[in-house]
Amino acid sequence: MGTVEGANQGANGSAVEKKPTVVFVLGGPGSGKGTQCAKIVENFGYTHLSAGDLLRAEIKSGSENGTMIQNMIQEGKIVPSEVTIKLLERAMQENGNDKFLIDGFPRNEENRAAFEKVTGIEPTFVLFFDCPEQEMEKRLLSRNQGRVDDNIETIRKRFRVFMESSLPVVNYYDAKGKVHKIDAAKPIEEVFETVKAIFSPKNEKVD
């Protein structure tokens with residue numbers, strides 16, 4: 001793992017000088033991305049960055065940027081790529097680690113292209129948690145996290161958005177041999193066994 005100094009040398013530029021290792025984590029709502037990311041962090045020393053959490057934190061901060069993000073979300077619009085990328089970039093620079101899981105981003109092809117262009121970083125690989133809609137629906141309705149967006153209509157809408165917007169991203173990286181597709185319908189521990197094999201050094205490269 002890189003030192004804090006090494007990772008931060010480029011912090012005054014727009015991108016970190018030593019390119020960090022980035023893994024995109026994609027999957028529909030309720031596919032278990034957050035649970036698995038926590039286990040990867042614990043076992044493999046990655047830092048977990050959730051695009052959604054960063055946006056929510058920015059809204060909470062009460063900054064002008066945060067107000068703009070909140071208004072866009074309330075209107076059902078997608079936050080501009082540059083806004084989310086700047087938050088991700090800042091989080092990477094401030095963190096000092098050199099291995100990151102980016103969860104829930106890129107959400108669409110435009111996000112993907114903008115991320116690579118702005119940061120100059122291409123993901124080492126992509127984890128795609130593949131889970132049937134019925135299973136995700138069941139999980140989201142049973143988890144009681146007080147999230148107002150977990151009602152059946154919203155869940156189905158979120159799933160449709162994921163299928164339309166995020167699957168092209170998965171397909172793009174799949175064509176480059178960078179996608180690890182994981183059967184996310186299995187129990188948590190079984191899913192993690194598959195994930196663990198991917199992160200073990202012998203498997204760093206996708207066949």
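What percentage of the 207 residues of the chain count as buried? The figure is 42%, where buried means under 20% relative accessible area with a 1.4 Å probe, protein chains only.

This is a predicted model, in which local features need pLDDT of at least 70, side-chain atom pairs count only at pLDDT 80 or more, and totals for chains, interfaces and linings use all residues. Residues are numbered from 1 along each chain as its sequence is written, and side-chain values use heavy atoms, without hydrogens and water.

Start with the whole chain in cartoon view. It has nine helices and five strands, taken as DSSP runs (helices H or I, at least four residues; strands E, at least two) and numbered from the N terminus.

Next, select S31. It sits in the loop between strand 1 (21–27) and helix 2 (33–44), and is buried at a relative accessible area of 3%. Leaving aside residues up to four places away in sequence, S31 touches F129, C131, M136, R139 and A184; contact means heavy atoms within 4.5 Å. The unreviewed UniProt entry lists S31 under "binding site", along with G30, G32, K33, G34, T35, R143 and K186; such annotations may be inferred rather than shown by experiment.

Now select residues 51–60 (helix 3) and 64–74 (helix 4), whose axes come within 7 Å and cross at roughly 120°. Axes here are lines fitted to C-alpha atoms over the stretch in contact, with angles from 0 to 180 degrees between N-to-C directions. Show side chains: L55, E58 and I59 in helix 3 meet N65, G66, I69, Q70 and I73 in helix 4.

Definitions and conventions
Buried means under 20% relative accessible area, exposed over 50%, partly exposed in between (1.4 Å probe, protein chains only).
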